[in-house]
Amino acid sequence: MKKITQMICVLLTVASMSAQQEKGIMGYNNWLNNWTEFKPNKVEYGEANQILAGNISVNTKLLKRNIYVLQGNVYVTNNAVLTIEPGTLIIGDFETKGTLVVTKGAQLIADGLETDPVVFTSNRSQKKAGDWGGIVILGDAPINKFGNVGSYNLDLDPTLTTYGGDNAAGNSGVLRFVRIEFAGKKVKGVDTFNGLTIAGVGSKTILENIMVSYSGGDSFAFFGGDVNATKLVSYKSINDDYKFTQGVQCRLYNSLAVRSSYLSSNKDGSRCMEVKSFEKKNETDFNKKQTLVVATNITMLNDSENIKADIQSGLVKEAVYVAETASLEMKRSVISGFNPAVLLDSKTEINDANLKKIKIEEMYFNLCNGNIFTEYNSNNEDLENWYGNTVFFNVMAQSDNKETFIDIFNPKKPDFRLQLGKITASSGNR
């Protein structure tokens, strides 16, 4: 696996403040080192010697010394715990579109190490997005649908795919130092699977250092629940990088999304971050909590040779979409190369009450064709006046991505930092 010895990082000193404001992903040590892989199609994986298929109904452990092929829909049931040793390789079968489903009450313990991550990938020689299903984790935490029960079936067994309940502190296991590559199979006439689907999962579940790359659907999809997530990486997904819906209460910290103008879909509904309270309004109980996302130190970057030309040709859309009744608190984050940076649902009335539910502060907007707009409305004067107020410390710039960010494929390049509007180079970790 190729090492990434420097990190994508922007440090900005606001002229009106003496203290330095850190924006985007951060860390005294580069947390992208060792466990991530930005060229997974170049990695040679071994041949599987074990098969995972059917139901796992008793506590089971997968061992690093084996290579497993995930065939068809595999369910962890009966409150069983599936434990995966650090360094274990699980290969999703292309022919049967292997999918791992952790049912409500069961747990997945995939607790890798920085130097020995757990890897899920494709078994095709020429790997592509959507080669296999993905990972689905279903819990018993609250959602905002009537009856507090949802179903994530697509082509799965509907009796094994319910989620939701009253246990906000539910524990569906541990995913730490995990990579998920080339997942997101398409189900004809229905929808697309995601790299990692988190549905009705509670706050005791550990979600840290997870990378989803080249997903045919969303990289990370959160359906209800109460979750904490940190150091997530979404790399060149087809659909959303981070999707939030069904009343999820999510605290997302220190995470990265890298999109491609030519790989990531520019169709409606494909963004770095989509924050919605529901999928179907008539199934939603508005007396329950609606979606709230608190996102801090996030970097959202459009990886493009010529972002201005890509925007003009219609290949690039907004980075963040906030739908009616949903709440977003985003701060100390970077949005670079989008059209525009943030888009609010046309059904969201611009008033004090709604603006207080959508807090955007201490941001660095770079190379964006506009900052914050309402859908179908080119006049954003009210929003610019509100979020442009100096009290929010939002900054706008037009610096080329190559100058603003380190090239993540070049480990010998120094760490670049943005200070007072000019680029300076430093020699690595701060």
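**Rings, sheet and core**

Author: Phe38, Phe182, Tyr214 and Tyr235 form one aromatic cluster. Keep in mind that this is a predicted model.

Reader: Noted. How many aromatic pairs does the structure hold?

Author: The structure holds twelve aromatic pairs. In one of them, the ring centres of Phe222 and Phe244 are 5.1 Å apart and the planes are at 10°, so this pair is stacked.

Reader: Where do Phe222 and Phe244 lie?

Author: Phe222 is in strand β21 (residues 220–223) and Phe244 in strand β23 (residues 242–245), so the pair ties together parts that are 22 residues apart in sequence. Phe222 and Phe244 are buried.

Reader: And Trp386 with Phe392, why is that pair called tilted?

Author: The planes of Trp386 and Phe392 are at 40°, with the ring centres 5.9 Å apart, so the pair counts as tilted. Stacked would need planes under 30 degrees apart, and edge-to-face over 60.

Reader: Which of those two is buried and which is partly exposed?

Author: Phe392 is buried, at a relative accessible area of 16%. Trp386 is partly exposed, at 27%. The cut-off for buried is under 20%.

Reader: Charges now. What lies over the face of Phe94?

Author: Arg124 does, at 4.0 Å from the ring centre of Phe94. Arg271 lies over the face of Tyr321 in turn, at 3.9 Å from the ring centre.

Reader: Let's zoom out. How many helices and strands are there in the chain?

Author: The protein chain has four helices and 36 strands.

Reader: What about β6? Which way do its side chains point?

Author: In strand β6 (residues 67–70), Ile67 and Val69 point one way, Tyr68 and Leu70 the other way, and all are buried. Side chains in a regular strand alternate between the two faces of the sheet.

Reader: And which strands does β6 pair with?

Author: β6 pairs in the parallel sense with strand β3 (residues 50–52) over three bridges. β6 also runs parallel to strand β9 (residues 89–92), joined by four bridges. Tyr68 stands opposite Gln50 and also opposite Ile90 in β9.

Reader: On to the interior. What share of residues is buried?

Author: Of the 430 residues, 59% count as buried. The largest nonpolar core has 87 residues, and Met273 and Ile335 have the most contacts inside it.

Reader: What is Ile335 in contact with?

Author: Beyond its neighbours within four places in sequence, the contacts of Ile335 include Met300, Val320, Met363, Phe365 and Cys368. Apart from that core lies another, of 13 residues, among them Tyr75, Leu138, Tyr152 and Leu156.

Reader: How much of the contact total comes from residues 24 or more positions apart?

Author: Counting contacts with a separation of 6 or more, 70% are between residues 24 or more positions apart.

Reader: Where do they lie, and are they buried or exposed?

Author: Asn78 is in the loop between β7 (73–76) and β8 (81–84), and it is exposed at a relative accessible area of 59%. Lys97 is in the loop between β9 and β10, and counts as partly exposed at 23%.

Methods. Residues are numbered from 1 along each chain as its sequence is written. This is a predicted model: local features need pLDDT of at least 70, side-chain atom pairs count only at pLDDT 80 or more; totals for chains, interfaces and linings use all residues. Side-chain values use heavy atoms; hydrogens and water are left out. Helices (H or I, at least four residues) and strands (E, at least two) are DSSP runs, numbered from the N terminus. Buried means under 20% relative accessible area, exposed over 50%, partly exposed in between (1.4 Å probe, protein chains only). Contact means heavy atoms within 4.5 Å. Rings of Phe, Tyr and Trp (its six-membered ring) pair if their centres lie within 6.5 Å; planes under 30 degrees apart count as stacked, over 60 as edge-to-face and the rest as tilted. A charge sits over a ring if NZ of Lys or CZ of Arg is within 6 Å of the ring centre and within 35 degrees of the ring normal. Two strands pair if DSSP finds at least two bridges between them. A nonpolar core is a set of buried Ala, Val, Leu, Ile, Met, Phe, Trp, Tyr and Cys residues joined through side-chain atoms within 4.5 Å.
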